[in-house]
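These are my notebook entries on a few local features that I looked up one after another.

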Amino acid sequence: MASGLTGCGVNVRKAEIATPPSPPPESRRVPVRFGELQAKLRRGDVIGGYVIGFTCIGPFDPITWTSGRAMMDRTEVADLFHEEMSTAGYDVAGNPNRLFEVAEDEERAELVVSAQITDVKMNVCRKMGWWLVQSDVVGEEVEASVKVDWTVYSRLERRMVLRTSTWGYHAGGAATEDGKVLAMEQAFAGAVANLAADPRFAAAGFAAPDAASTMPALETGGGIGRAGPPGVAADDAARLQAVRLPALPPFTTPIQDHAEAVTGATVLVSGGSGHGSGVLVSRDGLLLTNHHVVGEAERVRVVLADGTAVVGRVERRHKPRDVALVRIEGRGLPALPVRTRPLTVSEDIYVVGAPLAERMRGTVTRGIVSALRRDRLTGLEEIQADASVQGGNSGGPLVDAQGNLAGLTVSMRTVPGSQASAGLNFFIPIGDALDRLRLEVGGLEVGD
């Protein structure tokens, strides 16, 4: 479309702002966040024309693209994305208006939206009086259009779910360096608004209820209830109703007799950044992991031992104890019996998880209980053991010599000045993990 500054350097595309669609009834607002910002423009590319004179009819001086923060500021763009998407009714993670825990809030995002600027057009005119004195500016006009190629990535599905392009347009403002940047940013905001109005994006951002959001409620001693609104931390155990887990027959022979059952109950969990491990504690899909693995996410990606990837819903979490309860859909799943009798120093133990890389899931390491301690900062119980663990083991099971669940991996100490393990590894006692999440195991106790 033709520019409003007739005769000025380039044609600026005027893009109207579309009206965003209304969310379908019963839809689930999928958390989204802004990802990367790139510009597919080379330094020196002519993006517009600049005129100072009696009229806005040439000759004009070219405006060129320059790299760096001077042309487009990623932080400012992310703020514009949050504002426009929130106004359109989307759930945007990483609210820039929060003073604290912005990064933690970003972890709950299921969709990451990245932007590549592929076209920018701008015209700038500063009208002067016939005497051409700088202080006698009689009018200023700035207009800009921006084309953005969008990529929408699903962190749960590990794939691109949408590629599309939108335009944005802005006119008005001062013909200054800051005014040019503001015009481009406001044009970018228009492109965001038009993305929000794209029906395909709306279908991803306002999703139909799926298996993760329609699973049955937890059974509790006081009837049927839920842990609370999805994604809301329940650090105060007193607010939760107790949930009874069916007791599973304990393993009574050495772990070597049923090693596949132990590794089969161990899962990989991807929530915020990176991955961790987890362990199934019921055959109908309840599993335990660390709070720092799921972060503030409402839903997480869970990979079973056979490689099947499913979506899990975070039912309960306790941040100080660093534990979380996740539910996946299924029946007859492999699960570990819980050992309620505490471990003792020098007992043989085994650790299962996915150290360092997802492809290493199902790794088993062996050690002994080195000590039973309390964290000097929190006062919470910890099991110290020398079984090797690495990043990615977090949330995975610590089992006794028979394979019964005795704890969850939580942290490791490294050699000062390196990433090498110091052989000082720490685990959450399973009894305390269950207590904090208000979970009870019915039936026989292991080892009685």
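This is a predicted model: local features need pLDDT of at least 70, side-chain atom pairs count only at pLDDT 80 or more; totals for chains, interfaces and linings use all residues.

For Tyr90 the relative accessibility is 3%, which is why I count Tyr90 as buried, the cut-off being under 20%. The rings of Tyr90 and Phe201 form a tilted aromatic pair, with 5.1 Å from centre to centre and 55° between the planes. Because Tyr90 sits in the loop between helix 1 and helix 2 while Phe201 belongs to helix 4 (residues 199-205), this pair ties together parts that lie 111 residues apart in sequence.

I then turned to Tyr90 and Phe206, whose rings are stacked at 4.4 Å centre to centre with 20° between the planes. This pair also links distant parts of the chain, since Phe206 is in strand 8 (residues 206-207), 116 residues from Tyr90. Phe206 counts as buried at 4% relative accessibility. I recorded Tyr90, Phe201 and Phe206 as one aromatic cluster, and a search of the whole structure gave 4 aromatic pairs.

Entry two, Asp91. I found Asp91 in the loop between helix 1 (74-87) and helix 2 (102-106), and its 15% relative accessibility makes it buried. Its side chain joins that of Arg108 through a polar contact of 2.9 Å. Leaving aside neighbours within four places in sequence, I listed Arg29, Val30, Pro31, Val32 and Arg108 as contacts of Asp91.

I traced a closed barrel of 6 strands in the order 12-13-14-17-16-15, with antiparallel pairing. Neighbouring strands of this sheet are turned by 40° against each other on average, direction ignored. Strand 14 (residues 286-289) pairs with strand 17 (residues 323-327) over 4 bridges, and I noted Ala324 in strand 17 as the bridge partner of Thr289.

Methods:
Residues are numbered from 1 along each chain as its sequence is written. Side-chain values use heavy atoms; hydrogens and water are left out. Two strands pair if DSSP finds at least two bridges between them. Axes are lines fitted to C-alpha atoms, for helices over the stretch in contact, and angles run from 0 to 180 degrees between N-to-C directions. Buried means under 20% relative accessible area, exposed over 50%, partly exposed in between (1.4 Å probe, protein chains only). A polar contact is a pair of N or O atoms within 3.5 Å; within protein, one must be able to donate a hydrogen and the other to accept it, and residues adjacent in sequence count only if both atoms are side-chain atoms. Contact means heavy atoms within 4.5 Å. Rings of Phe, Tyr and Trp (its six-membered ring) pair if their centres lie within 6.5 Å; planes under 30 degrees apart count as stacked, over 60 as edge-to-face and the rest as tilted.
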